[in-house]
Every structure is written in C-alpha cells, then in structure tokens.
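Visitor: I would like to go through this model with you. Could we take it one topic at a time?

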Number of protein chains: 2
Amino acid sequence: MQDALDAARQAAASGEVPIGAALVRGDEVLAVAANRTRMPPDPTGHAEIRVLRAAAEKLGSERLTGCDLYVTLEPCAMCAGAISHARIARLYYAASDPKGGAVEHGARVFEQAQCLHRPEIYTGLGEAEAGELLREFFRSRR
Amino acid sequence: MQDALDAARQAAASGEVPIGAALVRGDEVLAVAANRTRMPPDPTGHAEIRVLRAAAEKLGSERLTGCDLYVTLEPCAMCAGAISHARIARLYYAASDPKGGAVEHGARVFEQAQCLHRPEIYTGLGEAEAGELLREFFRSRR
C-alpha cells in the first residue's frame with residue numbers, strides 16, 4: 001500500500017487526483033500507477049485500470065490470476081468491473097468512497113449474481129493517509 | 001452502428017469476441033474499435049474502453065461532451081462506468097446482455113444515485129446482426 005500511496009502523492013504534484021495503485025504477485029511488485037486522466041486525456045485513466053493494463057502487458061496475459069491489487073480509494077464501477085475481468089485474487093483499498101465507490105456503495109459490482117469473479121476484499125489499510133491526500137488536494141483547489 | 005458491426009466482424013476474424021463500437025460527434029465518426037483483450041493482453045480491452053480512449057486522445061479532452069457511442073452489445077459495469085466518466089450524450093446498443101450487461105441488468109450503473117452522468121439510452125438498432133455474430137463465434141469455438 002505504501003507504493004500506492006507514493007504514486008497518489010506524485011499524481012497530486014502533477015495536478016491529477018491523488019489516487020494510486022500497486023499490483024503485486026507474492027513478494028513481487030509487478031506495476032505501480034497513479035490516476036492520470038488529464039495528460040494524456042483519458043476518461044478511463046484511473047490508477048486501477050492503468051496498473052491492470054501494465055501488469056497484463058508485463059505478464060503477457062489478460063488474466064492476472066493469483067495477483068493482488070492495492071489501491072488508495074474504493075474502486076468505482078468501471079474499476080471494479082475491470083478487477084473482476086482481470087481475475088484479481090485480493091483487493092485491498094484504503095479509504096471508502098460513498099460518492100463514487102462501487103464495492104460497498106452504489107452499483108456493488110462484486111455482489112451482483114452475474115459477477116463472474118469476486119476478489120477477497122480487505123479495507124482500511126492506509127485509510128487515514130489516503131483520505132488526507134484527497135482532502136488536501138480538493139481543499140487546495142477550492 | 002454499421003461501423004460498430006463491421007469492427008465486431010473483424011474482431012471475430014482475429015479470434016477476439018466480436019463486439020464493436022463507434023464514437024460519433026454529429027456527422028463525424030471520431031473513432032471505431034473492436035474488442036481486443038488477447039493480443040495485446042488487456043483485461044480492459046473492451047470495444048467501448050478502446051473507442052473512448054481513442055476519441056479522448058483525438059479530441060484532446062477526457063470529457064467527450066456531445067458525443068454518442070454505438071456498441072453492438074449492452075455495456076458491462078466497467079464500460080458503463082467509463083461511459084459515465086466520459087460524459088457521453090447518447091448510448092446506442094444493439095443486443096442486450098443478461099449475463100454481463102450492467103445497463104438494464106445487474107449493477108445497473110446508470111440508475112445508481114451516485115452516477116454523476118447518465119447518457120440517453122437507445123437499444124435494439126442492429127440487434128439481430130449483433131446477436132448472430134456472437135452466437136456464431138461461440139458456436140464455432142465449442
């Protein structure tokens with residue numbers, strides 16, 4: 001989670017929303033990515049999507065079986081769907097997101113009967129730091 | 001929708017699930033893409049995600065305000081989330097997908113209170129052809 005938090009911090013420095021993700025297999029960190037939707041412009045450029053794509057390219061497989069994803073904020077519907085498609089084994093997220101999250105809020109993607117793969121889910125690790133990064137970012141933009 | 005169906009047909013020819021999408025602004029087709037998750041391996045490589053990314057790059061904006069998306073199958077949770085993030089004005093999809101769709105089935109992403117942008121939705125255009133392409137593809141793989 002520390003890699004994900006570091007990536008989030010770097011995102012804020014370049015004017016992107018500070019959310020970071022790390023993709024891990026056993027002891028190996030396969031990829032780390034931050035939110036990047038502005039430069040280059042990409043509506044799908046959330047940290048989770050970017051880290052999944054990087055790891056799939058690295059492993060040469062669209063299925064990341066046995067891999068774990070760490071992310072600093074509860075995934076949205078887009079990212080939860082991608083996590084399911086990628087067959088992620090364990091999902092760790094730091095802060096919950098009542099406004100945009102789709103794991104324990106809203107669309108609750110993994111709880112749908114049609115969801116073909118549901119990761120094990122762990123929450124709260126690094127929550128205070130992840131939340132403070134986001135609050136500080138949006139405070140400074142007001 | 002014809003461009004989307006043509007892209008779907010090409011996807012099948014290269015062993016990818018035959019789903020295609022086209023992104024349009026007014027009379028201009030900004031981008032056309034097909035499902036491509038195997039080569040290169042990308043768990044997020046659905047036609048919708050690929051066409052949204054291509055159009056955002058072309059227009060230099062992560063928001064595709066005023067643009068319409070045509071796709072041959074009801075979008076999944078990942079793609080519905082991306083469509084909302086991209087602020088697509090109108091979504092046209094050909095066939096419904098009770099197994100994986102998240103517009104009129106399952107997560108019903110656009111019906112959530114937290115969904116920040118909901119496109120106008122039109123269904124059924126090209127439905128027979130889109131469904132037949134998918135049925136034929138999966139029949140030939142059994």
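Guide: Let us begin at the end of a helix: α3(B) is followed by B:R87, and the phi of B:R87 is positive, near 60°. Please bear in mind that this is a predicted model.

Visitor: Where does B:R87 lie?

Guide: B:R87 is in the loop between α3 and β4 of chain B. Its phi of about 60° is positive although B:R87 is not a glycine. In general, most residues other than glycine have a negative phi.

Visitor: Which other residue has a positive phi, near 40°?

Guide: That is B:R108, again a residue other than glycine. B:R108 sits in the loop between β4 and β5 of chain B. Its relative accessibility is 33%, so B:R108 counts as partly exposed.

Visitor: Back to helix α3 of chain B. How many of its residues are buried?

Guide: Eight of the nine residues of α3(B), which spans residues 77-85, are buried, so the helix is mostly covered. They are B:A77, B:M78, B:C79, B:A80, B:G81, B:A82, B:I83 and B:S84.

Visitor: What do those buried residues pack against?

Guide: They pack against α3 (77-85) of chain A, and also against α2, β3 (68-73) and β4 of chain B.

Visitor: Why do you say the copies meet through the same surface?

Guide: Because 100% of the interface residues of chain B are also interface residues in chain A.

Visitor: What does B:H46 touch?

Guide: Leaving aside residues up to four places away in sequence, B:H46 touches A:H85 from the other chain, together with B:N35, B:T37, B:C76, B:M78 and B:C79. B:H46 is found in the loop between β2 (28-34) and α2 (47-59) of chain B. With a relative accessible area of 17%, B:H46 falls under the 20% limit and is therefore buried.

Visitor: What kind of peptide bond joins B:M39 to B:P40?

Guide: That bond is cis, with omega near 0°. B:P40 belongs to the loop between β2 and α2 of chain B. In chain A, a cis peptide bond joins A:M39 and A:P40, with omega about -5°. A:P40 is in the loop between β2 and α2 (47-59) of chain A. As a general rule, most peptide bonds are trans.

Visitor: New topic, aromatic rings. How many aromatic pairs are there over all chains?

Guide: The count is six aromatic pairs over all chains. One of them is A:F137 with A:F138, an edge-to-face pair at 5.2 Å centre to centre and 85° between the planes. A:F137 counts as buried at 6% relative accessibility, whereas A:F138 counts as partly exposed at 39%.

Visitor: And how are B:Y92 and B:Y122 arranged?

Guide: They form a stacked pair, 5.0 Å centre to centre with 20° between the planes. The pair links distant parts of the chain, with B:Y92 in strand β4 (residues 90-95) and B:Y122 in strand β5 (residues 120-123) of chain B, 30 residues apart. B:Y92 is buried at a relative accessible area of 17%, while B:Y122 is partly exposed at 35%. In chain A, ring pairs link A:Y70, A:Y92 and A:Y122 into a cluster.

Visitor: One more helix question. At what angle do α1 and α4 of chain B cross?

Guide: Their axes cross at roughly 5° and come within 10 Å; α1 covers residues 2-13 and α4 residues 127-141. That angle is why α1(B) is described as roughly parallel to α4(B).

Visitor: Which residues make the contact?

Guide: From α1(B) they are B:Q2, B:L5, B:A8, B:R9 and B:A12, and from α4(B) they are B:E129, B:A130, B:L133 and B:F137. By class, the contact has six nonpolar, one polar and two charged residues.

Notes:
Residues numbered from 1 in each chain as written. Chains lettered and ligands numbered in written order. Predicted model: local features only at pLDDT ≥ 70, side-chain atom pairs only at ≥ 80, totals over all residues. Heavy atoms only, no water. Axes fitted to C-alpha atoms, helices over the stretch in contact; angles between N-to-C directions. Helix = DSSP H or I, 4+ residues; strand = E, 2+ residues; numbered from the N terminus. Parallel < 35°, antiparallel > 145°, perpendicular 65-115°, else oblique. Contact = heavy atoms within 4.5 Å. Nonpolar A, V, L, I, M, F, W, Y, C, P; charged D, E, K, R; others polar. Phe/Tyr/Trp six-rings, centres within 6.5 Å; stacked < 30°, edge-to-face > 60°. Buried < 20%, exposed > 50% of the residue type's maximum accessible area, 1.4 Å probe, protein only.
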